[in-house]
Amino acid sequence: MSLIFDKSREGIGCSILSELDVEPVLFPEKLKRTKSLNLPQLAEVDISRHYTELSKKVHGVNDGFYPLGSCTMKYNPKINEEIAALAGFTKIHPLQPENTIQGCLEVLSKAEKYLCEITGMDNMSFQPAAGAHGEFAGLLIIKAYHKSKGDLKRTKIIVPDSAHGTNPASATMAGFEVVNIPSGDDGCVDIEKLEAAVGDDTAGFMLTNPNTVGLFEKNILKITEIVHNAGGLVYYDGANLNAIMGIARPGDMGFDVMHLNLHKTFSAPHGGGGPGSGPVGCKSFLSKFLPNPQVKEYSDKYEFSNSPDSIGMVKSFYGNFLVVVKALTYILTLGKEGIKQASENAVLNANYMKCELSKIYDMAFDDICMHEFVMTLENLKKEKGVSAMDVAKMLLDNGIHPPTMYFPMIVHEALMVEPTETESKATLDKAIEVFSDIYKKAMAASELLHEAPVKTPVRRLDEVLAARNPVLKSGDRHTD
Amino acid sequence: MKILKDLMYTKTHEWIKMTGDKKAKIGLTDFAQDSLGSLVFVNLPEVGDEVSKDDSFGDVESVKAVSDVFSPVNGKVSAINEELLDSPEKINESAYDAWLIEVEDIEENKDLLTPEQYEKVCNEEA
């Protein structure tokens with residue numbers, strides 16, 4: 001289909017702006033643009049049709065099964081949207097006096113309280129706009145803590161290779177040197193390697209738990225103890241919290257700082273722009289370093305407060321506030337029992353699928369998994385030349401979004417499947433049937449898989465060409 | 001999988017070829033390019049940079065992943081293969097011709113693998 005720029009016609013536009021009823025104020029000459037903006041010119045109806053047409057070509061969680069590992073693509077309940085659309089939440093201004101937005105402050109305060117209850121943290125800031133942003137803020141807190149003690153030699157963050165890919169990136173962004181440690185054969189942190197890596201230069205250790213192969217770290221207390229004994233802090237990447245909500249708390253495991261993904265675990269939309277919310281939480285001895293401002297609850301009111309030791313602001317104002325409204329709605333809808341049940345069902349669904357699929361496909365690890373599991377198609381590739389990519393592409397033809405591919409990197413030809421708790425047994429059974437059907441095709445006629453997808457709006461994309469010679473401007477096209 | 005008899009290797013899948021007294025070219029092995037898949041970017045150090053044994057001197061990015069490239073020796077970069085910056089696919093096409101860097105003033109490294117030893121490493125990983 002054509003781009004919106006291709007549909008542009010000179011002189012066509014929307015006339016939705018009402019007449020100016022105040023004195024016009026002109027920009028100073030030196031600030032004025034010399035050229036007009038390069039924006040497409042279309043009527044409102046054509047813009048609407050353009051985006052509706054685009055929306056019909058995508059696959060979202062409202063279209064079908066979306067088992068994208070590590071991303072927790074659960075269904076987003078409509079009540080969240082209804083509550084977040086209330087005028088009291090939308091028709092406010094971030095600079096409004098505090099006494100006129102007490103309800104909004106209460107939302108932030110309550111969400112902080114409940115999420116701290118779920119995670120075992122003492123305080124939380126909603127400023128970070130995404131998971132990696134929360135990691136970045138958390139690492140700045142770790143940095144500020146060591147600095148406040150005059151301990152400037154702690155420049156290293158240890159990250160196991162089963163962590164989320166964002167962990168080393170966030171640590172580097174925060175100015176740390178990253179020390180990578182390999183995981184053991186069981187897919188968990190290698191305790192000996194960790195013991196050898198810690199020292200008086202260790203600022204902290206980042207752990208994704210359950211880790212990216214879907215396993216709960218076995219030696220969790222030992223891990224936090226080793227890092228604490230070396231003088232480092234322990235960071236919990238809460239991206240996979242969907243497996244443990246209401247059951248186990250990072251705070252009780254000895255973690256000092258963590259982030260959550262409200263747009264994953266707490267059912268706010270994820271993908272397609274979100275927006276996201278990656279609150280950063282910490283134990284009380286670190287609370288003074290949290291981003292400013294924090295909401296404080298008094299007996300008769302809520303107020304913003306600023307800590308002089310804060311790492312500062314990491315986003316304008318209070319983060320993506322409406323995402324917090326959606327997350328709080330979700331927590332209050334599910335309640336204490338429902339939160340726990342969601343995690344139990346997430347783990348049950350993953351194990352059901354893993355168990356059924358392991359009759360056909362090889363699994364990277366045999367243990368009982370948490371909320372996700374990793375398949376390895378290495379043998380299928382060797383024997384039939386069918387790669388994880390080929391299987392993923394054929395899933396598209398069956399109306400299923402592919403699992404995460406080629407990650408974690410410690411597993412070859414990996415497909416990482418996270419069904420989430422919001423899928424029914426019938427959906428899982430249908431998906432299992434599709435997977436086994438694809439396997440049969442791979443055995444009988446592997447060329448069919450190399451052809452896939454055939455039913456999608458675009459066929460197999462040339463991602464090598466796209467990476468080597470990206471076309472970033474409308475009007476430019478690859479000619480071959 | 002191709003392993004050339006006149007080169008030395010590392011466990012991390014680099015090859016090294018002596019091009020003079022204390023001078024050598026370093027590249028990625030055929031096994032490495034095959035596991036990585038189609039390469040789309042190559043980051044190389046600058047001429048004059050010091051490289052140390054087992055430390056990363058650059059990285060290669062494929063459609064699957066970014067991987068560090070480790071130096072088999074201590075030394076100083078005397079040349080880089082600039083052609084690869086625009087055409088990383090040369091590594092996929094011919095891994096043993098597509099050298100990444102040339103290093104001079106190198107110190108001897110007794111840990112390098114012979115072609116036979118390297119073949120074993122590959123067989124274990126495959």
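In the predicted model, the largest nonpolar core holds 117 residues, of which Ile141(A), Tyr235(A), Val257(A), Val324(A), Ala327(A) and Val391(A) touch the most other members. A nonpolar core is here a set of buried Ala, Val, Leu, Ile, Met, Phe, Trp, Tyr and Cys residues joined through C-beta atoms within 7 Å. A residue is termed buried if 20 or more other C-beta atoms lie within 10 Å of its own, exposed if 12 or fewer do, and partly exposed in between, with C-beta atoms placed from the backbone. Helix α9 of chain A (residues 321-357) gives the most to this core, namely 15 residues. Because domain 2 (79-333) and domain 3 (341-466) of chain A both give residues to the core, it lies between them. A second, separate core of 31 residues includes Leu28(B), Val40(B), Val42(B) and Ile106(B).

Residues are numbered from 1 along each chain as its sequence is written, and chains are lettered from A and ligands numbered from 1 in the order in which they are written. As the model is predicted, local features need pLDDT of at least 70 and side-chain atom pairs count only at pLDDT 80 or more, while totals for chains, interfaces and linings use all residues.

Two residues are in contact if their C-beta atoms, placed from the backbone, lie within 7 Å.

The secondary structure of chain A comprises 14 helices and 12 strands; helices (H or I, at least four residues) and strands (E, at least two) are DSSP runs, numbered from the N terminus. The radius of gyration of chain A is 25 Å, close to the 23 Å that the globule rule gives for 480 residues, so chain A is as compact as a globular protein of that length. This radius is taken over C-alpha atoms, and the globule rule is 2.2 Å times the number of residues to the power 0.38. Of the 480 residues of chain A, 42% count as buried.

In helix α6 of chain A (residues 166-173), the buried residues are Thr166(A), Asn167(A), Ser170(A) and Ala171(A). They cover an arc of only 135° around the axis, which puts them on the same side of α6(A); the arc is that of the directions from the helix axis to the C-beta atoms. These buried residues pack against α5 (131-148), β2 (156-160), β3 (177-181), β4 (202-208) and β5 (233-237) of chain A. Gly175(A), whose phi is positive, near 90°, follows α6(A).

Definitions and conventions
Domains from an automatic or database assignment.
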